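Dear colleague,

Please find below the structure that I am handing over to you. I would be grateful if you kept it open while reading the notes after it.

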Amino acid sequence: MRGYGKSSYGEAFADVYDAWYPGVSDVDATVTLMGDLAGDGGRVLELGAGTGRLAIPMARSGLRVVGVDASAAMLEQLRRSDPTGLVEAVEGDMVTDLPDGTFDAALVAYNTLFNLTADGEQQRCFDAVASRLRPGGAFVVEAFVPDEPFRDGDEVRVRSMTADQVVLSVEVYDAARQTAEGHFVELNHGAPVTLRPWSIRYATVPQLDAMAAAAGISLADRWGAVDRTPFDGAERHVSVYRR
């Protein structure tokens, strides 16, 4: 999408993210999983930490959490919810701006890895994370399982509608490139139109496994959700790769 950059999603969604996506994944189960993987007081790296939906509860559980996000607006929301600074918030790219040091575990939740859309960028992310994991450390990737055959073409649908607001979703799919992008078009009575752009480049489960192998880490577990339910044709997966 022309004009779309690293911080575009965060800048467009920071003010509505928590309201629009309150239950996208199980926060308590995520905290438990990351605590089990990192150990008591372990150091955890979260990529695309956003508003702190997961980072703050992990930090409150006793984990030492560093959250990286490209959007200043998202991190401002995180800091408002974390006034004592339990989470170390880093504004930057989740490939080239990862903090130095060693981590016991890393997490990229709810399709966030797919926000990396440039050629080879997801592989570089795997490489960067793997280089920061302690021996035996875990990288947790939570993502959807793409429909096959991949979707192609465009679509317009209604996301939500009230008496004074309509939110439309305009979506464009490119099966050959494994991309999807679009806008949420927010129409509020008596107010200017608000555009909220998004763009992803998705990967299949075997493609993610290949990226991990190339980075020197290997699959240890795979579940259908963060509560560790079995992965058996699920629409989502939680994959744990270990160094």
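Predicted model: local features only at pLDDT ≥ 70, side-chain atom pairs only at ≥ 80, totals over all residues.

Residues are numbered from 1 along each chain as its sequence is written, and side-chain values use heavy atoms, with hydrogens and water left out.

Salt bridges

A search of the whole structure finds 12 salt bridges (a side-chain nitrogen of Lys or Arg within 4 Å of a carboxyl oxygen of Asp or Glu). One of them joins Lys6 to Glu121, with the closest N and O atoms 2.0 Å apart. Lys6 lies in the segment before helix 1 and Glu121 in helix 6 (residues 121-130), so this pair ties together parts that are 115 residues apart in sequence. Helices (H or I, at least four residues) and strands (E, at least two) are DSSP runs, numbered from the N terminus. Lys6 is partly exposed at 49% relative accessibility, whereas Glu121 is buried at 8%. Here buried means under 20% relative accessible area, exposed over 50%, and partly exposed in between (1.4 Å probe, protein chains only).

A salt bridge also forms between Asp104 and Arg134, at 2.7 Å from N to O. This pair links strand 4 (residues 103-108), which holds Asp104, to strand 5 (residues 133-144), which holds Arg134, 30 residues apart. Asp104 is buried at 17% relative accessibility, and Arg134 is partly exposed at 25%.

Glu155 pairs with Arg151 at 2.4 Å between the closest N and O atoms. Both belong to a network of salt bridges that links Arg151, Glu155, Arg157 and Glu171.

Which side chain of opposite charge is nearest to Asp69? It is Arg79, 9.7 Å away, and Asp69 is buried yet has no salt bridge; for charge, Lys and Arg count as positive and Asp and Glu as negative, with His and the chain ends not counted. Asp69 is found in strand 2 (residues 64-69), and its side chain reaches the backbone nitrogen of Ala49 at 3.5 Å.

The largest pocket

Helix 1 (8-13) and strand 6 (153-161) are among the elements that each supply at least two residues of the lining of the largest pocket.

Yours sincerely

Conventions. Polar contact = N/O pair within 3.5 Å; in protein donor to acceptor, adjacent residues only side chain to side chain.
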